[in-house]
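Here is a quick tour of the model, written for someone who likes to know the cut-offs. Have the sequence and the coordinates open as you read.

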Amino acid sequence: STESTLTTQEVVDITRTTNYGTWRFQKGWNPMHIVDAKDCTITDAAGKTYLDFSSQLMCMNLGHKNEAVIASIAKQAQDLAYAMPGYATTARAELSKLLLEVLPKGLNKFFFTTSGTDANEAAFKIARMYTGKTKIIARYRSYHGSTSGSIAATGDPRRWAMEPRGKQQGVIFAPEVNCFRCPIKHTYPQCGIACADYLEHMIRNESDVAAVLVEPIVGTNGVLVPPDEYMPKLRKICDEYGVLLIADEVMTGWGRTGKWFAMEHWGVTPDILTTAKGITSAYVPLGLCATSEKIGDFFQDHYFAHGHTYEAHPMTLAPGTATINEMKRLNLVERAADFAPYVQERLEAIKAKHPSVGDVRGKGLFWAVDLVKNRTTREPFNTYADKVSGKPLLVDQIAGKCLAEGVIIQAWVSHFVIAPPLIVTKEELDHGLDMLDKHLAIADALVEA
Ligand code: PLP
């Protein structure tokens, strides 16, 4: 705050000695002291500015300092800072009304949380109570959250740290959809979406399956866009076997992919949709678990055994309403869709120029640049095992160069995720892409001859 007497050195030292740095070894953590941010730009304590090319954690879709969202928070704090979840509030009704408008039709009963992680925990409990079954089929190369249930459903190696003491019961993993590095070594389209067939095989050979859980477009793990046939096929399989389909739209929701929600790309409505991040553009922590009418009806006569002190917290809901209104006013969903062909064209040119770029893919303002040592084998420069063992990663080195020149770009294992705020200008897009283009030379030099 402006009243603080702490020096920047004190801010950094207190932070790194008294707080945990997340998903990392604590040694070597030297966090940047951020003092200000506006639109797509953030400013550090030395006054240096950076283009935020990842919307922080792919969440600040409206960019920083949106006045309407800020005003909604101030007003709600004055009007009613808190009410127990058992009460009706105006903030709750206003947001619920808007959600009925923007969510895929048929999702009409809501449980509000304070993160994506606990939105997924709610989804698992609801799916288990509704079906009377236990197992969740999730997929490798996925992330669903950090608490015990959601980390157990996470396919990526962030789960591994929990496993020496025994994996939580009730989650099994299907192969992810990844046409660039197919885990079952098929080639699209000749495969006929064999990954979905394999998932059906799992359902047939398992008892007690409550739900299938998917990120519609896998986020952190590489912006993996499924072929158009996948999601309708999955919907059909789930219906045939009476298994619920849960779409985790924590990262893909709120215009990121050029639709309000990514499932709309394939006209598929899940039984449960979870989301967070962009729901308030990350101004306050809010998550949502939205269910279908038939699930809502079930709990008319069945005990809804779930809740939190902060469920439907008014301070989280008012900025949700303001965020949706701002997204509509600024036409941000259309804006993300309209930018997609331009971003794709620029990324294809980057791929053509750099032998280290194996694949570029995405939708809306959500793209991955996937690096390879060798274009024929598609071998990445680094692996998950490198990441969790603390080995320096090539993508981090490149992201570090971009950061030093004022562009914050998200790097993960062997790819970059491009996800600027949806208010980004064409000039800012070009600036961020030019910076990546410049520093990819580091990877090109390491490509196998
Ligand atoms: N699900 C997906 C797809 C995510 O990307 C994330 C976070 O990155 C989560 C769940 C967890 O959300 P949170 O970090 O708000 O708990």
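## Helix 5

How many residues does helix 5 have, and what does it reach from its first C-alpha to its last? Helix 5 has 16 residues and reaches 22 Å, close to the 22 Å expected at 1.5 Å a residue; the expected span is 1.5 Å times one less than the number of residues. Helices and strands here are DSSP runs numbered from the N terminus (H or I over at least four residues for helices, E over at least two for strands).

Before going on, some ground rules: this is a predicted model, where local features need pLDDT of at least 70, side-chain atom pairs count only at pLDDT 80 or more, and totals for chains, interfaces and linings use all residues. Residues are numbered from 1 along each chain as its sequence is written.

Twelve of the 16 residues of helix 5 are buried, so the helix is largely enclosed by the rest of the structure. A residue is buried if 20 or more other C-beta atoms lie within 10 Å of its own, exposed if 12 or fewer, and partly exposed in between, with C-beta atoms placed from the backbone. Among the buried ones are Gly116, Asp118, Glu121, Phe124 and Tyr130. Just after helix 5, Gly132 takes a positive phi of about 70°.

## Around the ligand

Helix 5 (residues 116–131) also gives the largest share of the shell around the ligand, three residues. In total, 15 residues surround the ligand, and the closest are Ser115, Gly116, Thr117, Val250 and Met251. To be counted as near, a residue needs its C-beta atom, placed from the backbone, within 6 Å of the molecule.

By type, the shell divides into five nonpolar, eight polar and two charged residues. The classes are Ala, Val, Leu, Ile, Met, Phe, Trp, Tyr, Cys and Pro as nonpolar, Asp, Glu, Lys and Arg as charged, and the others, Gly among them, as polar.

Most residues other than glycine have a negative phi, and most peptide bonds are trans. Trp23 has a positive phi near 50°, and Lys277 has one of about 35°. Is each of these loop residues buried or exposed? Trp23, between helix 1 (8–18) and strand 1 (34–38), is exposed with 10 C-beta neighbours inside 10 Å. Lys277, between strand 9 (272–275) and strand 10 (287–292), is buried with 27.

The peptide bond from Tyr188 to Pro189 is cis, with omega near 5°. Pro189 sits in the loop between strand 6 (171–174) and helix 7 (194–205).
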